[in-house]
Amino acid sequence: MSVREDIGGSPLPDGWAAPAHQPGAFELPTTTFEERAHRTMARPFARRAIAGATDHAVSLTQARFADVDHETLRDQGRQIRAHAIANLPDYLEQWIANAEQNGTTVYFAADEGEARRIIAGICVDENIASVVKSKSMASEEVALNSALEGVGVDVVETDLGEFVVQAMGDRPGHVIAPILHRTKDEVHELFSKMAGRDLPNEAEELTAFARAGLRHAFLTADGGITGGNFLIAETGEVMLVTNEGNGRLTSSVPRVHIALVGIEKVIPRRRDLAVLLPLLTGHGTGQQITTYVSITGGPRRDAEPDGPEQTHVVLLDAGRSALLGGEFEEALHCIRCGACQNVCPVYRQVGGHAYGWVYGGPIGAVLTPLFRGQAEGGEVAQATTLCGACDDICPVRIPLHDLLLGLRRQRDEQGEVPRREQMAFAVWGAVWSRPWLYRMTTAVGRGSLGLLARDGVVSSRVPGLRRWTDGRNLVLERRRR
Amino acid sequence: MTDRATFLAAVRSTPRGDDPGQPDRLHAPDAPTELRDGEDRFDRLLHECALNSTVVHRVPEDSVAATILAILDEADAQSVALTEDLGARRQALTDACAAAGRDAAAYADVAPNRARAGALDATITGCAAAVAATGSIITSAAGAGRAGALIAPTHICVVDRDQVVTGLHELFDGSVLADVGSLLALQSGPSRSADIEKVLILGVHGPGNVHLVLVDG
């Protein structure tokens, strides 16, 4: 933060210094899924925490919808999103016209680089030296923070979890709970280092420390940057949900509000929120409604006591329009609740970082190849069991399982499947489509594994099976006698 | 930079997917955010507020000021701002706060100075509506300002009986919301976070202390 003096009501905590770390870089092109997954799996806490937190979230979601007509609600949610996306050009134009009517300046970013340049340009033009930022996955997509720091803008993430992520130089591990994979002890160590003294190792005290520093940031920042959960076409409004209140403060207290929102977030009407809002919050956190829902419609108006002087909304395409009308269009229905991550047996073991880009879990395995291309992102669409748990939980019924299969086929069609993998599947297909060869290979396999097993369990390192037996026992089914 | 026409042309150039149309009837009577059949809206409001940690005071008109002063006492709130949406009650409440030794000001006078707004101990607002099924207070930028409901550690909201609507459907669909200005705001209890090892903390960036004064009778 450039302004360091104390502000009434928000003295800086002793030793407070804004995090100076660069955000962690995307790993996608340089490491493999397996390497990234192993890194998370090597941390016992992370594994326990991810499993525990996702279990908790799933049980809260189930309880939330236990005694209502959840299936009808999901049908309606799917229909609203499908209708909005099928008519996206019209609703987008309607939204733009109404937003401009509200006094919002609208920008058009065809790709990530353009989004960075537009927002950095607004900061330079409007003399914005410091911004507070409310959690936004779109801004993660375009790697906004480092671009802003590049033009000399101080950026402070204000969601507690995102603040920790930023200060650690980490990346968010979950769309809803960014520091799911981090311990209280790690946060304690980080904040104590920032404070230059040993803080009490309690969540309450640690939160209070962050709050005091972030409060100062809210009250001094020149700009506020948010994402948007929905764009409401009939009113030109941007809707934001948070529990901490940082979204509201970020979009209301600084003199300039900038929102970066994907074009697919458009919905036709405010009344659609009666369906989509409980689906989003119920599937995201299990809450009936998040503490703060902010539906913003442009800058402060004449009769209003507070609010930004300017509102800028940057519409982000970055691969979205290319999906319209095609096989993968339904990926655009996503409302970013994170429920598919919580139920995914792969995500639950490896966490969000293994996916290498912005989004983890089933929706990440779909969006990463779609937005980054098969050459770079095709691998993560393989990191699924195709169990279909994601289809069963998705609040807007995105057929994630079908999309994943389609992406696997597309990867093959585009020649991105490694030669060894192609050959292995060719051989496997040839052998197991012949009943006598199938019976022979399974008999041989069973027999040779039997030789390696002790009491029906293979636990030693077996060539060809080491990836399995390194981590767990291979239990052979016993022959019935 | 991509101009509007080029950007929209990219969105328009693709064939359209199947359009299922708008749902005929958006009202989902048993969504978690609607009342059940036959449920009393005030019972539900009280129940939901208890769940989201909003303290409800159901009082007659002539006890509103005394109730608010007692809340300010308990919260040890000295510096207080009152918003426009209190309507006719605003002057009387301002006078009552001043008479009780509080620094009471109109929020519109405090808000332009961010440091002063940030130092408030409490805000007292009216509302545009309250939602029974979600225990939510609804404010507008025109009425309570953009930050009036969450800038201070304590938020006290005065709600008239006839401002309580059933659920989100009635809130968004009906004629409940007139011109809200640059913000339509829903708040449901104190600010909260569970980011650190899922431990729930109240009062993160917004108030930790939320009171709903329901004027009834």
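1. A crossing of two helices is called left-handed if the near helix is turned anticlockwise from the far one by less than a right angle, and right-handed if it is turned clockwise. In this predicted model, helix α3(B) passes α4(B) in a right-handed crossing.

2. Two packed helices are described by the angle between their axes and the distance between the axes. For α3 (residues 64-75) and α4 (residues 89-99) of chain B, the angle is about 50 degrees and the axes lie 10 Å apart. The helix α3(B) is therefore oblique to α4(B).

3. Which residues make this contact? From α3(B) come B:V64, B:A65, B:I68 and B:L69, and from α4(B) come B:R89, B:A92, B:L93 and B:A96. By class, the contact of α3(B) with α4(B) has seven nonpolar residues, one charged residue and no polar residue.

4. The contact between the two chains takes 86 residues from chain A and 66 residues from chain B. On the side of chain B that touches chain A, the elements giving two or more residues include the helices α1 (4-12), α6 (114-118) and α8 (168-173) and the strand β9 (183-187). The element that gives the most to this side is α1(B), with six residues. The residues on this side of chain B divide into 31 nonpolar, 20 polar and 15 charged.

Key. Residues numbered from 1 in each chain as written. Chains lettered and ligands numbered in written order. Predicted model: local features only at pLDDT ≥ 70, side-chain atom pairs only at ≥ 80, totals over all residues. Contact = placed C-beta atoms within 7 Å. Helix = DSSP H or I, 4+ residues; strand = E, 2+ residues; numbered from the N terminus. Nonpolar A, V, L, I, M, F, W, Y, C, P; charged D, E, K, R; others polar. Axes fitted to C-alpha atoms, helices over the stretch in contact; angles between N-to-C directions. Parallel < 35°, antiparallel > 145°, perpendicular 65-115°, else oblique.
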